[in-house]
Amino acid sequence: MVGNQQTLNLEQPPILLAYGFRPFFLLLSGYIILTSLLWGMHWAGLISLSFTNNIIEWHIYEMLFGLAAAGIAGFLLTALPEFFEDTTPVTGKPLMWVIILWGSGRLSFWMIDLFGPIIVSMVNLSFWLWLLYQAIKPVLSDPQKRHSAFVFSIMLLTTTQIIFFISKIGAIT
């Protein structure tokens, strides 16, 4: 029995990666503090945020697609397995890769003037498309299509982000 229990414990992800809300909500709180401090210090004239040419655009984008994304991802990755019994939770290493993808999106947007909007859009949109895929699978397999608002909300945010990046590239003026 002890051997089986130890085997079970080896298969368990680290406690921080056991549920989607844990790492995302933890990162969300830290990222809120970081961006708020940077934003405030920039407007107080204490620092210059020279990594972007448009500080207002950076602020709006990060509030919507950085901070809100972490909250939405944390909620959905925890709620979907609870709402749809056939949905396997994203935990452990797969969850770690999603966190890295979200963090890469934040870092790439901070350096959009260096990387350019095409690369930054690919990194950021891949997170949203992955999240959409995670939400759409259980909703479409549900005969009652319960919680379809999740899918429509993510589709709307993804579409908004696509339009934003198309305008950054210059196709829409």
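The legends below describe close-up views of a predicted model. Local features need pLDDT of at least 70 and side-chain atom pairs count only at pLDDT 80 or more, while totals for chains, interfaces and linings use all residues. Residues are numbered from 1 along each chain as its sequence is written, and side-chain values use heavy atoms, with hydrogens and water left out.

**View 1. Aromatic pair of Tyr61 and Phe164.** The structure holds 19 aromatic pairs (rings of Phe, Tyr and Trp, the last by its six-membered ring, with centres within 6.5 Å; planes under 30 degrees apart are stacked, over 60 edge-to-face, the rest tilted). One of them joins Tyr61 and Phe164, a tilted pair with 5.1 Å from centre to centre and 35° between the planes. Tyr61 belongs to helix H3 (residues 55-83) and Phe164 to helix H7 (residues 148-169), 103 residues apart, and the pair links these distant parts of the chain (helices are DSSP runs of H or I with at least four residues, numbered from the N terminus). Tyr61 has a relative accessibility of 2% and counts as buried (under 20% relative accessible area is buried, over 50% exposed, in between partly exposed; 1.4 Å probe, protein chains only). Phe164 is also buried, at 17%.

**View 2. Aromatic pair of Phe75 and Phe150.** The ring centres of Phe75 and Phe150 are 5.7 Å apart and the planes stand at 75°, so the pair is edge-to-face. Phe75 sits in helix H3 and Phe150 in helix H7, so this contact ties together parts 75 residues apart in sequence. With a relative accessibility of 40%, Phe75 is partly exposed, whereas Phe150 is buried at 17%.

**View 3. Salt bridge of Lys168 and Glu57.** Three salt bridges are found in the whole structure (a side-chain nitrogen of Lys or Arg within 4 Å of a carboxyl oxygen of Asp or Glu). Between Lys168 and Glu57, the closest N and O atoms are 2.7 Å apart. Lys168 is in helix H7 and Glu57 in helix H3, so the bridge ties together parts 111 residues apart in sequence. Lys168 is partly exposed at 29% relative accessibility; Glu57, at 19%, is buried.

**View 4. Salt bridge of Arg106 and Glu62.** Here the closest N and O atoms of Arg106 and Glu62 lie 2.8 Å apart. The pair links distant parts of the chain, with Arg106 in helix H4 (residues 92-110) and Glu62 in helix H3, 44 residues apart. Arg106 is buried at 5% relative accessible area, and Glu62 is buried at 0%.

**View 5. Salt bridge of Arg146 and Asp142.** A distance of 2.9 Å separates the closest N and O atoms of Arg146 and Asp142. Arg146 is partly exposed at 37%, while Asp142 is buried at 8%.

**View 6. The largest cavity and its lining.** The count comes to one cavity of 30 Å³ or more (on a 1 Å grid over the protein atoms alone, a set of points where a 1.4 Å probe fits but cannot get out; lining residues have an atom within 4 Å of a point). The largest cavity holds about 50 Å³ of space (points are joined across faces, edges and corners, and the volume is the space filled by probe spheres set on them). Its lining consists of Leu76, Leu77, Leu80, Pro81, Thr87, Thr88, Val90 and Gln134. Helix H3 gives the largest share of this lining, four residues. By class, the lining has five nonpolar, three polar and no charged residues (Ala, Val, Leu, Ile, Met, Phe, Trp, Tyr, Cys and Pro are nonpolar; Asp, Glu, Lys and Arg charged; the others, Gly among them, polar).

Methods: Helices (H or I, at least four residues) and strands (E, at least two) are DSSP runs, numbered from the N terminus. On a 1 Å grid over the protein atoms alone, a cavity is a set of points where a 1.4 Å probe fits but cannot get out, and a pocket is an open set with protein on both sides within 12 Å along at least five of seven lines; lining residues have an atom within 4 Å of a point.
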